[in-house]
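Hello,

Here is the structure I promised to pass on to you. Have a look at it first, and then read my notes below.

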Amino acid sequence: MSNMDRRGFLKTGSIATVGSYFVGSTKMHLMATPEPEPAKPIAANDHIQIALIGAGGQGQEDTKIAARVPGVKVVAASDCYNGCLDRAKELWGKDILTTRDYKEILDRKDVDAVIIGTPDHWHMQASVDAMNAGKDVYCEKPMIHVYADGPKIIDTWRKTNRIMQVGSQGVSSIVYAKAKELLAAGAIGTLNMVNVWYDRNSAQGAWEYTVPYDASTTTCDWPRWLGTAPQIPFNAEHFFQWRKWKAYGSGVAGDLFVHLFSGVHLMTNTLGPTRAVATGGLRFWKDGRDVPDVMMALYDYEKGFNLSVRTNFVDGGAESVGFVFTGSEGSMTISGEAVTVTRVPRETEPGYRVDLFSEPIQKRVLEIYHEKYPTTYPSGPTLIGEEKYVAPHGYSEHYDHLKNWIEAIRTRQPVVEDPVFGFRAAGAALLSNLSYDTGQPARWNPETMKLLQS
Ligand SMILES: NC(=O)c1ccc[n+]([C@@H]2O[C@H](COP(=O)([O-])OP(=O)(O)OC[C@H]3O[C@@H](n4cnc5c(N)ncnc54)[C@H](O)[C@@H]3O)[C@@H](O)[C@H]2O)c1
């Protein structure tokens, strides 16, 4: 780094920025890339061998990213569809073990840790089995499928002393870290409202995933895939588009709200909501699914703010995900890989309304007003201040999340999203389903993580 660069290097809080400039009236700050990997060779003790349980879309993605962390090797994969097992060999080598039965993986001494990318209805059992077998775990969100899963996972995690990271990768984002820092520093004053959303406008966005032509009871291990779900005859749509049914998924709340709650809990440093009221409906994707494609909900947080959350799978506009935090002194928006703080300075005098009074009264009211608030110059429109913090091009929070897990496996230090955090995020999200299904408010104690009678 040259002296010029060094002088230009800004450090605001713990999230470094490498430069600032104006675009119009917005002050832009470019955030620094997180520390590069050490160039030194990885010590023998630091080599980590991982295996994948549930080698579908997200499991493959997580594992590809984990394998980029220096010292990590993929040695096995399990799945219930032959096409995904073959794909695992294409990705990580023909010598890796592939199996339909994840217990075979858990029995292997050379597997240190597993990534669990199964549908939601398998998260608890696979996590518990893996930790009981001595493996560290990365389990995809939502950590739970039903509330009873939460204590089972947490108890096993505590009993076995394993490292477990839940996969809402946003919580490792430098953008969220910056937003957390800004909120804590009072950048928008006292927080009173949070609006979050996840809107989509496509068939893939609405979970219409491809069913491969060869799907059958020969290529798919249907009984194993079903597990404890209701026992029905083979159904390829259920197998490959499982999010559309409650028996395996958790609707838009478990799929998408959970990411938003993970982010809100991290950034606001809160444990969770106390009450939720949800509504919605099945508006467009009437394809046999039993969960709504439009859902919105309102939540109370004891820390003094309310939250609104929504997903619309029939958004005729652009697909979008976002957070808006509103406070007494400004608002903060997260969109894409950037966080923006907007502040409109509070007025210094209350102003007046006099034209409804008689003229002599108007005159005297104004005299009194100006005695109390003498006119100051220059006057003019209030200045709006806007600052935007942008992550570097190509930044990957997903990589940082898996790296955080791998480092925790090596150091035995806590991860950023342990099962308690994961249960609080999923527990909050699933209150929407509970309220939607019962037509009643759903109540929750975020500290004890227990549902309360409404
Ligand atoms: N963090 C994110 O941004 C993100 C994104 C997408 C999905 N996810 C989560 O990842 C998980 C998987 O979603 P997906 O879209 O990859 O689903 P998917 O259907 O593509 O993959 C799931 C795979 O698990 C396999 N499976 C099912 N039961 C199994 C068992 N008992 N043992 C081994 N394999 C089993 C299936 O055969 C399937 O191939 C879900 O929980 C989902 O919520 C997270």
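Predicted model: local features only at pLDDT ≥ 70, side-chain atom pairs only at ≥ 80, totals over all residues.

**A patch on the surface**

Residues are numbered from 1 along each chain as its sequence is written, and side-chain values use heavy atoms, with hydrogens and water left out.

V18 has a relative accessible area of 39%, so it counts as partly exposed (buried means under 20%, exposed over 50%, and partly exposed in between, with a 1.4 Å probe and protein chains only). Together with Y21, V23 and L30, V18 forms a nonpolar surface patch with about 320 Å² of accessible area. Strand β2, residues 15-23, supplies the largest share of this patch, with three residues.

**The inside**

Of the 454 residues in the protein chain, 50% are buried. In general, nonpolar side chains of soluble globular proteins tend to be buried together. Here the largest nonpolar core has 87 residues, and V114 and F325 have the most contacts inside it (a core is a set of buried Ala, Val, Leu, Ile, Met, Phe, Trp, Tyr and Cys residues joined through side-chain atoms within 4.5 Å). Helix α10, residues 251-268, gives the most to this core, with ten residues. A second, separate core has 39 residues, including C84 and C220.

Which residues does V114 touch, leaving aside neighbours within four places in sequence? Among them are A51, I53, Y138 and W405 (contact means heavy atoms within 4.5 Å).

**The cysteines**

A search of the whole structure finds zero disulfides (pairs of cysteine sulfur atoms within 2.5 Å). For C80, the closest cysteine sulfur is in C220, 8.6 Å away, so a bond is ruled out by distance. C80 is buried, with a relative accessible area of 14%. C139 is in no disulfide either, as the nearest cysteine sulfur, that of C80, is 15 Å away. C139 is also buried, at 0% relative accessibility.

**The whole chain**

The protein chain has 13 helices and 19 strands. Its C-alpha atoms fill a box of roughly 90 × 60 × 40 Å along the principal axes.

Best wishes

Key: Patch = residues over 30% accessible without salt bridge, like charges linked within 9 Å, V, L, I, M, F, W, Y side chains within 5 Å. Areas by Shrake-Rupley, 256 points an atom, 1.4 Å probe, with all protein chains shown as cover. Salt bridge = Lys/Arg side-chain N within 4 Å of Asp/Glu carboxyl O. Helix = DSSP H or I, 4+ residues; strand = E, 2+ residues; numbered from the N terminus.
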